[in-house]
Amino acid sequence: MSSNTPFKIALVGNPNLGKTTLFNRLCGLNQRTGNYPGVTIDKKKGFLKSGDKNVEVIDLPGINSLFPSSKDEELVVDYLLNTENAEYPNKIVLIVSALNLKRNLYLFEQIRDINIPIVLAINMADLAEKRGVFIAEKALEKELGVPVVKISAKKGTGVDALIGRCMETSVIEERAPSYIEEEELAVLEKYSAKEGLANNYIGLLKLTTAAKSEATQEFITENNLNVRKWKTNASILRYKRINSYLDKVLTVDKSKASDFTTKLDRVLLHPVFGYVIFIGVLLVIFQAIFWLADFPMGWIETAFEWLQSAASAGLPEGYFSRLITEGLIPGIGGVVIFVPQITILLFLFSLLEESGYMSRIVYLTDRLMQGFGMSGKSIVPMISGLACAVPAIMAARTIENSRERLITILVTPLLTCAARIPVYVVVIALIIPDDATVFGIFNAQGISLMGLYLLGVVMTFIVAFVLKYLLKPSYKSYLLMEVPEYLLPGMKNVLIRVWTNVKSFIWNAGKIIVATAVILFVLVTNGGDDFKNTEQYITAQYPTVAADEKNDLIASYQTENSYLGMLGKTIEPAIEPLGYDWKIGIALISSLAAREVFVGTISVIYAVGSEEEMNVRDRLKAEVNPHTGMPAFGLATSISLLLFYAFSLQCMSTVAVTYKETKSVKWTAIQFGYMTVLAYFSALIAYQLLK
Amino acid sequence: MELRLCDLKVEKKGIVRYIQENPVSSKLAEFGILPGTTFSILNKAPFHGPIFILIENNRIALRRKEAAFIIVE
């Protein structure tokens with residue numbers, strides 16, 4: 001081993017040109033996700049060995065420019081400018097696409113001026129040559145003054161050479177600025193010197209950023225600077241410089257040009273067929289996460305039931321064993337059950353993104369989403385919201401406009417996520433018989449479930465529409481987006497992506513759900529004096545009952561007087577108008593952390609008091625509300641419950657991620673608040689009308 | 001009467017003459033929408049949705065609002 005601190009390489013490049021493919025190629029599965037210092041945003045790190053040196057590779061989000069306009073870009077720019085940071089890279093690999101060299105060199109020109117050693121990787125050089133685009137890498141190397149390597153991230157060619165060039169020692173020196181008019185340079189130099197900055201370009205970035213320090217603002221006013229004009233000029237000057245050498249390095253044979261993408265776009269972006277195809281794609285995704293995932297979910301359920309009975313048979317009796325069999329195992333099972341759906345969704349998403357169709361979806365839906373105060377880019381978080389709101393809210397990061405992004409974050413949890421399905425399925429089964437059909441062909445339960453999905457979508461748009469009028473528009477709402485060419489997705493890359501994302505879901509959501517299951521178990525198995533004296537009480541009250549029945553009575557009395565039972569009773573007055581008793585109250589409280597806990601809790605609470613083994617549904621059907629003498633889960637109560645679960649934000653992971661992404665207690669509270677109010681009152685109205 | 005990029009029909013080609021000063025003019029420049037560049041309109045989304053253009057071998061989608069700042073011939 002040469003040293004303990006690894007050599008750090010950061011991957012930088014425009015979005016959608018194979019940066020992550022290269023990262024996966026470099027590190028394989030040897031990668032993990034961490035957080036950026038200060039901000040909690042996923043940072044992907046990978047490791048590899050070059051000779052005897054340890055190399056750490058950091059995959060940064062794709063950016064278009066060092067003048068940031070989205071959260072993602074801000075993050076990368078902060079990272080690249082903060083030279084004090086222990087995580088600061090020793091070298092940058094800048095990835096450009098051979099198919100779009102000019103546009104990508106723009107980013108190179110910017111990063112070159114921060115004076116970090118760079119290696120330029122030209123991706124898709126092979127594909128470009130087939131289309132008649134030839135790049136002279138030696139000539140380019142001479143023009144740019146940094147190493148240039150042609151690679152194919154998908155096939156893996158040139159990757160070893162790239163690592164080799166990265167490990168070379170290199171010096172990078174300040175060069176003459178090509179981003180500012182000569183007559184304005186003096187004032188920029190003055191600013192950089194005043195602020196003690198490493199170089200003038202960092203000065204320009206600090207002067208043009210939206211979040212200026214007070215001193216910077218003063219300097220701008222004092223010198224009467226038009227920094228917006230500077231920004232535009234900087235871009236024009238940079239393209240001038242790129243044009244000055246581009247002809248020497250790039251030759252294009254027009255006869256070989258392929259217009260496959262243009263032809264395909266004629267169909268996929270057609271004003272009528274384009275939308276028909278888009279809806280078809282949505283239906284396929286929907287079908288897949290719904291029906292396809294059903295099979296593995298059934299297996300997982302069976303496996304965990306088996307595990308539970310095997311564990312309770314194998315473990316010695318005692319409190320700790322019960323904690324495992326009744327708390328921990330169902331808790332973990334509750335997380336694993338969602339893995340199939342999330343895996344399928346992520347897989348289809350990766351395909352859409354890698355192929356380039358995702359950008360077309362953004363284009364097609366932008367106008368519609370504008371009507372609801374959002375951007376076409378909001379469609380991506382909203383589709384993933386059909387599986388889970390947590391990754392969905394994180395995906396909103398690519399939306400440049402802060403108002404559009406905020407609205408997207410606030411409404412996404414209204415979409416029916418996977419965690420609501422178990423609740424819906426159990427409650428629907430209570431009010432609609434298995435064999436009921438609509439028009440004799442459609443399964444009535446399935447139709448109801450579809451209806452609930454639709455309800456989520458409709459409410460999402462209604463709330464977005466209301467928010468559009470409540471939130472003040474900021475002046476800078478725009479859509480300006482590069483649309484990539486269609487490419488065949490690389491399967492290996494897609495699979496690695498799915499795996500790393502699923503892993504992080506299991507870990508993040510898993511922690512919360514398992515913790516809830518354990519806390520719940522402790523609360524239901526402990527209580528005050530009444531709880532402790534259960535046995536004497538029951539013996540005194542029912543001196544004649546048989547042993548079996550007595551045990552049931554004890555269990556039921558214990559649940560009622562456990563800490564959890566006390567909690568349920570405390571909130572009973574508040575939920576009675578919705579048609580719920582204290583037992584449902586307990587389920588509501590426990591599922592505050594995660595909705596799917598509802599099913600587990602309700603089956604634990606109602607499990608007591610029955611002799612024969614019944615499944616959850618039969619148990620609930622048999623239950624009678626002691627106050628009304630009516631079935632506890634009648635039509636009114638069930639509909640009220642469905643509405644409550646459709647609208648309430650019972651998911652701590654979502655609350656946590658909203659806070660992380662908005663960094664605002666206010667908006668996190670507003671999201672939780674409006675959803676709770678919506679849930680409570682729609683459930684109230686439904687129950688009072690139907691009872 | 002100046003011709004704006006958003007006024008052109010699909011499949012029309014043109015050259016950017018200049019860009020009116022606006023809040024996103026620096027972004028337009030960054031995307032390579034500069035005076036003198038040639039472009040063609042690939043697609044226009046219905047109901048006054050965004051416009052899809054090919055400019056110097058680069059496909060870009062932008063809203064009508066931004067396209068209105070781009071004066072073309």
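# Worked exercises on a two-chain predicted model

F23(A) sits in helix α1 (residues 19–27) of chain A; helices here are DSSP runs of H or I at least four residues long, strands are runs of E of at least two, and both are numbered from the N terminus. A word on the ground rules: this is a predicted model, where local features need pLDDT of at least 70 and side-chain atom pairs count only at pLDDT 80 or more, while totals for chains, interfaces and linings use all residues. Residues are numbered from 1 along each chain as its sequence is written, chains are lettered from A and ligands numbered from 1 in the order in which they are written, and side-chain values use heavy atoms, with hydrogens and water left out.

## Exercise 1: F23(A)

Work out whether F23(A) counts as buried or exposed, and find what it touches.

Step one, accessibility. Buried means under 20% relative accessible area, exposed means over 50%, and partly exposed is in between (1.4 Å probe, protein chains only). F23(A) has 0% relative accessibility, so it counts as buried.

Step two, neighbours. Contact means heavy atoms within 4.5 Å. Leaving aside residues up to four places away in sequence, F23(A) touches L11(A), G28(A), Q31(A), K44(A), K45(A), G46(A), V57(A) and D59(A).

Step three, a distance. From F23(A) to L60(A) is 37 residues in sequence, yet their C-alpha atoms are 9.9 Å apart in space.

## Exercise 2: the interface

Describe how chain B meets chain A, going from contacts and area to salt bridges and elements.

Begin with the contacts: 44 residues of chain A are in contact with 35 residues of chain B. Next comes buried area, which is the accessible area (1.4 Å probe) that two parts lose on being put together, summed over both. Between chain B and chain A that's about 3300 Å², with carbon and sulfur atoms giving 54%. Of the area that chain B buries against chain A, E30(B), R59(B) and R63(B) supply 23%, more than any other three residues.

Now the charged pairs. A salt bridge needs a side-chain nitrogen of Lys or Arg within 4 Å of a carboxyl oxygen of Asp or Glu. Chain B and chain A have five salt bridges between them. One of them joins K102(A) to E56(B), with the closest N and O atoms 2.3 Å apart.

Finally, sort the chain B side by element. Those giving two or more residues to the side that touches chain A are α1 (25–30), β3 (38–44), β4 (51–55), β5 (58–62) and α2 (64–67) of chain B. The largest share, six residues, comes from α1(B). By type, the residues on this side of chain B are 16 nonpolar, nine polar and ten charged; Ala, Val, Leu, Ile, Met, Phe, Trp, Tyr, Cys and Pro count as nonpolar, Asp, Glu, Lys and Arg as charged, and the others, Gly among them, as polar.

## Exercise 3: the strands of chain B

Trace the strand pairing from β2(B) through to β5(B), then find the strand of chain A that pairs with β5(B).

You'll need the rule: two strands pair if DSSP finds at least two bridges between them.

1. β2 (residues 13–19) of chain B runs antiparallel to β3(B), with three bridges; I15(B) has T38(B) as its bridge partner.
2. β3(B) and β4(B) are antiparallel too, joined by five bridges. F39(B) stands opposite I55(B), and S40(B) is the bridge partner of L54(B). The hairpin they form has six residues between the strands, and F47(B) in the turn has a positive phi of about 55 degrees.
3. β4(B) and β5(B) pair antiparallel over five bridges, with L54(B) opposite R59(B). This hairpin has two residues between its strands; E56(B) in the turn has a positive phi of about 50 degrees.

Last, check burial: six of the seven residues of β3(B) are buried, as are four of the five in β4(B).

## Exercise 4: two asparagines

Find where N115(A) and N224(A) lie and how exposed each is.

Most residues other than glycine have a negative phi. N115(A) has a positive phi near 65 degrees and lies in the loop between α3 (101–112) and β6 (118–123) of chain A. Its relative accessible area is 22%, so N115(A) is partly exposed.

N224(A) also has a positive phi, about 55 degrees, in the loop between α9 (214–222) and α10 (227–249) of chain A. With a relative accessible area of 70%, N224(A) is exposed.
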